[in-house]
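User: Please take a close look at one part of this model. How many salt bridges does the count come to, and where is confidence lowest and highest?

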Amino acid sequence: MWLSVYVPENGRVGEVRLEQSSGRPRLDESAMREARRWRFKPGIRDGVPVAMWKKIPVTFMPSFGKELEHTQCAPSSSLPPSAFRLQPSAFSLESSV
């Protein structure tokens with residue numbers, strides 16, 4: 001899954017776009033909702049914070065906590081989004097000028 005995230009100068013996520021789906025709409029929606037809560041160090045150009053878009057790869061890792069107690073034998077397609085931990089891949093915000 002890939003998300004594009006708009007990060008203004010204050011480092012808060014301003015907008016999130018789904019670039020490539022996970023194939024599961026509920027996971028896509030969950031990832032986008034969580035991405036809106038992320039905070040970043042803004043991009044810097046000539047020593048000044050700047051707004052920019054960043055494309056971010058995202059994976060979901062199974063979370064084997066209490067959420068799965070009643071669904072451990074269920075096929076993965078029936079697991080709720082809360083059964084997964086969102087794992088944004090490592091990246092940095094850099095100006096692409």
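Salt bridges and confidence

Analyst: Glutamate 15 counts as partly exposed, at 36% relative accessibility; buried means under 20% relative accessible area, exposed over 50%, and partly exposed in between, with a 1.4 Å probe and protein chains only. The model is predicted: local features need pLDDT of at least 70, side-chain atom pairs count only at pLDDT 80 or more, and totals for chains, interfaces and linings use all residues. Residues are numbered from 1 along each chain as its sequence is written, and side-chain values use heavy atoms, with hydrogens and water left out.

Glutamate 15 pairs with arginine 17 in a salt bridge (a side-chain nitrogen of Lys or Arg within 4 Å of a carboxyl oxygen of Asp or Glu), with 3.2 Å between the closest N and O atoms. Arginine 17 is partly exposed too, at 41%. Another salt bridge joins glutamate 34 to arginine 37, where the closest N and O atoms are 3.2 Å apart. Here glutamate 34 is partly exposed, at 27%, whereas arginine 37 is exposed, at 58%. The count comes to two salt bridges.

As for pLDDT, the predictor's confidence in each residue from 0 to 100, the protein averages 74, and 62% of the residues score at least 70. Among the elements, which are DSSP runs numbered from the N terminus (helices H or I, at least four residues; strands E, at least two), confidence is highest in strand S2 (residues 15-20), at a mean of 96, and lowest in strand S6 (residues 84-88), at 52. Residues 66-79 have pLDDT below 50, and this stretch has nine contacts beyond near neighbours in sequence, a contact being heavy atoms within 4.5 Å. Residues 89-97 also stay under 50, with 17 contacts beyond four places in sequence.
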